[in-house]
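Biologist: Could you take a close look at one part of this model for me? I'd like the helix packing, with a bit of context around it.

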Amino acid sequence: MFVRTYGMLYMQNSEVFQDLFTELKRYYTGGNVNLEEMLNDFWARLLERMFQLINPQYHFTEDYLECVSKYTDQLKPFGDVPRKLKVQVTRAFIAARTFVQGLTVGREVANRVSKVI
């Protein structure tokens, strides 16, 4: 979907999204991931990338980009989307993690019962 919609722009920056999806998967499979921190990091990285893409005539240092990221809450470059997405992702992934854990426990119970019988 992203490739069709954003083309080369997405392809050149896909690792930002791939890292997000990897961390989400790690969360729902039981990893020690703080969803809020992880989503904040995603938006900060995305802002840094977009800032560079919008201003290609300049070269920004890591310190400068980090400073821009620190002011994301005040600048609100993505509007209210990060807050809304955080609420939706948190709700969905807590349910997904609980479901996956339930399936794991169910599998373990079935395996133990089959050994007893």
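This is a predicted model: local features need pLDDT of at least 70, side-chain atom pairs count only at pLDDT 80 or more; totals for chains, interfaces and linings use all residues.

Modeller: From the N terminus on, the order is α-α-α-α-α-α, with 6 helices and 0 strands in the chain. As for the overall shape, the C-alpha atoms fill a box of roughly 70 × 30 × 25 Å along the principal axes. The radius of gyration comes out at 19 Å, while a compact globule of 117 residues would be near 13 Å. Of those 117 residues, 25% count as buried.

Now the packing. Helix H3 (residues 35–54) and helix H6 (residues 81–116) have axes that come within 10 Å and cross at roughly 140 degrees, and the crossing is right-handed. On the H3 side, the contact is made by Leu35, Glu36, Leu39, Asn40 and Trp43; they meet Val81, Pro82, Leu85, Lys86, Val89, Thr90 and Phe93 of H6. Sorted by type, the residues of this contact are 8 nonpolar, 2 polar and 2 charged.

One more spot is worth a look. Asn13 sits in helix H2 (residues 8–28). Asn13 counts as buried because its relative accessible area is 11%, under the 20% cut-off. Leaving out residues up to four places away in sequence, Asn13 touches Arg49 and Leu53. With Arg49 there is a side-chain to side-chain polar contact from Asn13, at 2.8 Å.

Zooming back out, take the contacts between residues at least 6 apart in sequence: 59% of them join residues at least 24 apart.

Technical notes
Residues are numbered from 1 along each chain as its sequence is written. Side-chain values use heavy atoms; hydrogens and water are left out. Axes are lines fitted to C-alpha atoms, for helices over the stretch in contact, and angles run from 0 to 180 degrees between N-to-C directions. Helices (H or I, at least four residues) and strands (E, at least two) are DSSP runs, numbered from the N terminus. A crossing is left-handed if the near helix is turned anticlockwise from the far one by less than a right angle, and right-handed if clockwise. Contact means heavy atoms within 4.5 Å. Ala, Val, Leu, Ile, Met, Phe, Trp, Tyr, Cys and Pro count as nonpolar, Asp, Glu, Lys and Arg as charged, and the others, Gly among them, as polar. Buried means under 20% relative accessible area, exposed over 50%, partly exposed in between (1.4 Å probe, protein chains only). A polar contact is a pair of N or O atoms within 3.5 Å; within protein, one must be able to donate a hydrogen and the other to accept it, and residues adjacent in sequence count only if both atoms are side-chain atoms. The radius of gyration is taken over C-alpha atoms; the globule rule is 2.2 Å times the number of residues to the power 0.38.
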